[in-house]
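Good morning, everyone. Let me walk you through one structure, starting with its pocket and moving on to its cores.

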Amino acid sequence: MIALIQRVKQASVSVEAQRVGEIQQGLLVLLGVEKNDTPEKADRLLEKVLAYRVFSDENGKMNLNVKQANGSVLVVSQFTLAADTKKGLRPSFSNGAAPQLAEQLYAYFSEQCRAQITTANGIFAADMQVSLINDGPVTFWLQV
């Protein structure tokens with residue numbers, strides 16, 4: 001399971017010109033699900049996402065996690081994160097989870113996140129438009 005996290009001043013996701021999720025300060029989490037992923041992997045990834053210290057403390061050092069910074073999380077499914085791009089000019093998606101498993105684990109990750117912090121979501125498998133103000137910019141790739 002993969003999370004591309006971006007520290008944001010604000011972020012939103014829209015489907016068919018309708019805003020379906022938005023946050024102010026926090027983390028935009030682009031979530032990719034791979035074929036061998038499980039709820040246990042989702043739990044480990046969520047623990048890492050919520051504990052990752054990417055927000056500045058009073059000394060300007062990245063020592064605070066999203067909860068300590070009083071932020072929120074926007075979770076957006078992104079199957080392209082599971083792409084294999086090592087060969088050729090066209091990505092292979094053979095590592096990606098089947099849509100049913102991916103949707104289940106996306107929902108599970110989001111529910112577990114929502115139980116711990118204010119969380120907004122995109123719509124699984126929809127054609128989404130994501131807007132954000134990346135703060136820093138600060139972007140990290142997390143994988144379990």
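Start with the largest pocket: 19 residues line it, and S77, Q78, F79, T80 and A125 lie nearest its centre. Which elements give two or more residues to that lining? They are strand 3 (26-32), strand 6 (72-77), helix 2 (99-114) and strand 8 (128-143). Keep in mind that this is a predicted model.

How much space lies in the largest pocket? About 400 Å³. The lining has 14 nonpolar residues, five polar ones and no charged ones.

On to the cores. In soluble globular proteins, nonpolar side chains tend to be buried together. Here, the largest nonpolar core holds 27 residues. M1, V29, L31, L45, V49, V73 and F109 have the most contacts inside it. Strand 1 (2-15), strand 3, helix 1 (39-51), strand 6, helix 2 and strand 8 each give two or more residues to this core. There is also a second, separate core, with 14 residues, including L4, V15, L74 and M128.

Leaving aside neighbours within four places in sequence, L31 touches M1, I2, A3, L45, V75, V76, S77, Q78, L81, Y106 and F109.

Last stop: S72, in strand 6. Is S72 buried or exposed? S72 counts as buried because its relative accessible area is 15%, and buried means under 20%. What packs around it? Beyond its neighbours within four places in sequence, S72 is in contact with I23, Q25, G26, L27, V66, I117 and T118.

Terms used
Residues numbered from 1 in each chain as written. Predicted model: local features only at pLDDT ≥ 70, side-chain atom pairs only at ≥ 80, totals over all residues. Heavy atoms only, no water. 1 Å grid on protein atoms, 1.4 Å probe; cavity = no way out; pocket = protein on both sides within 12 Å on 5 of 7 lines; lining within 4 Å. Points joined across faces, edges and corners; volume = space filled by probe spheres on them. Helix = DSSP H or I, 4+ residues; strand = E, 2+ residues; numbered from the N terminus. Nonpolar A, V, L, I, M, F, W, Y, C, P; charged D, E, K, R; others polar. Core = buried A, V, L, I, M, F, W, Y, C linked by side-chain atoms within 4.5 Å. Buried < 20%, exposed > 50% of the residue type's maximum accessible area, 1.4 Å probe, protein only. Contact = heavy atoms within 4.5 Å.
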